[in-house]
Amino acid sequence: MILIKNGRVVDPVTGTDQVLDVLIEGVRIQKVGCGLSAPGAQVLDASGLIVAPGLMDAHVHFRDPGLTYKEDIETGSRAAARGGFTTVVCMANTKPAADNPETLRYAQEKGEKTGIHVLQAAAITKGLEGKELVDMEALEEAGAPGFTDDGIPLLDERLLIEAMRRADALGLPISLHEEDPALIKGAGVHEGEVSEKLGYGGVAREAEDVMVARDCMLALYTKARVCIQHISSKNSVELVRLAKKMGADVHAEATPHHFTLTDEAVLTYGTNARMNPPVRTEEDRQAIIRGLKEGVIDMIVTDHAPHSPEEKARPLAEAPSGIIGLETSLGLGIRSLVEPGHLTLMELMACMSRNPAEFYRMCPGSIEEDAPADLVIFGEKEYWKVERFASKASNSPFLGWELPGRVHYTICNGQIVYCAE
């Protein structure tokens, strides 16, 4: 048994925001209340700390199988636990791609040994080539929570319509990477003043906007549940807003780097600020924050993308895009959204736990009797320095930053899977 004493419970499912005790027995929460006692229980003093449902990241890359020199399911899961996450959804762009039940089961079986919940999304197309759909029915039966070719846009509209219809028939969502390669002059950097300074082509907003407009309308047409992944453009935020108003079952993700940084970061952090889609202007950053505040964007994800130091040391045009994010996500959410007053802590927890679960048609985590014992305990105003990672990788522009939201404990299935030193 674990007895959490005197923590401020912040639960977006029940709407609870008060100081309470939480008693865990086995894999479930046995009781929530004041003045609880349990002889023999391990007592965690959460005085002055937040107790919230375990966080869920619906967009991570654990590079397993095939690219495990960057990350693997074990190290990625340790990074997740250190960041307060009890559930993650891995993208399908592994080698081989997760386009078949065997690769899906490989990830599932490794994930079951990590202590957290590791879900493996399935690819939409075979080999991520955008030419032929996977056996979606077989992958659903094997346990895929949804479908995505993340990292690669789907350019064939007929194929995408069929994918949306089949995913909807299976009751599963589909998530889409939105960049038209025909409109990209140089990957990973916004096309604008910074790219001009660097003599680098860049990625214009319209590379994202035209794809988002198309896919929002296809979602409306097919009635499929669709996620616009890692939104970066102010125009795309408005397109999602319009699609929602029209009745489309469209959702959107925002990453901490897109609501914290602008393209000026490339001048400071170099390849550690190169990502697809790129961080853009202050105007885009503010639009993403407004989208989160108004519920247009309903999920915060990391797009945790580990790369080796040797890869990131290449010139800007040759280095891979992406940064790690699991261990800094909560802190950046508090710093960039809660502290300035854009979101309440309750709203942040909804974007980082309840909403991603609901998108995947899962029962969201909550802190109430008989709920699964998946929790995070953290100090909202307790600052810590970003100086080391549980991840294999360290490709982050946030190294050296002081962030709030120090995680003290992460509990999954009633077990402490992370404890701060």
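Helices here are DSSP runs of at least four residues, numbered from the N terminus. With that in hand, welcome to this predicted model.

**Helix α13**
- Helix α13 covers residues 345-359 and spans 20 Å from its first C-alpha to its last, close to the 21 Å expected.
- A kink of about 45 degrees is centred on Cys351, and Cys351 is also one of the buried residues of α13.
- Because 11 of its 15 residues are buried, α13 is largely enclosed by the rest of the structure.
- Among those buried residues are Leu345, Met352, Asn355, Pro356 and Phe359.
- After α13 comes Arg361, with a positive phi near 55 degrees.

**Helix α2**
- Asn100 caps the N-terminal end of α2, with a side-chain oxygen 3.1 Å from the backbone nitrogen of Glu102.
- The buried residues of α2 (residues 101-111), including Leu104, Ala107 and Lys110, pack against α1, β8 and α3.

**Salt bridges**
- The model has 24 salt bridges.
- Glu311 and Lys70 form one of them, with their closest N and O atoms 2.9 Å apart.
- This pair links distant parts of the chain: Glu311 sits in helix α11 and Lys70 in the loop between β6 and α1, 241 residues apart.
- Arg8, Asp17 and Glu380 are joined in a network of salt bridges.

Terms used. Residues numbered from 1 in each chain as written. Predicted model: local features only at pLDDT ≥ 70, side-chain atom pairs only at ≥ 80, totals over all residues. Heavy atoms only, no water. Helix = DSSP H or I, 4+ residues; strand = E, 2+ residues; numbered from the N terminus. Expected span 1.5 Å × (residues − 1). Bend = angle between axes of the 7 residues up to and from the residue. Buried < 20%, exposed > 50% of the residue type's maximum accessible area, 1.4 Å probe, protein only. Contact = heavy atoms within 4.5 Å. Polar contact = N/O pair within 3.5 Å; in protein donor to acceptor, adjacent residues only side chain to side chain. Salt bridge = Lys/Arg side-chain N within 4 Å of Asp/Glu carboxyl O.
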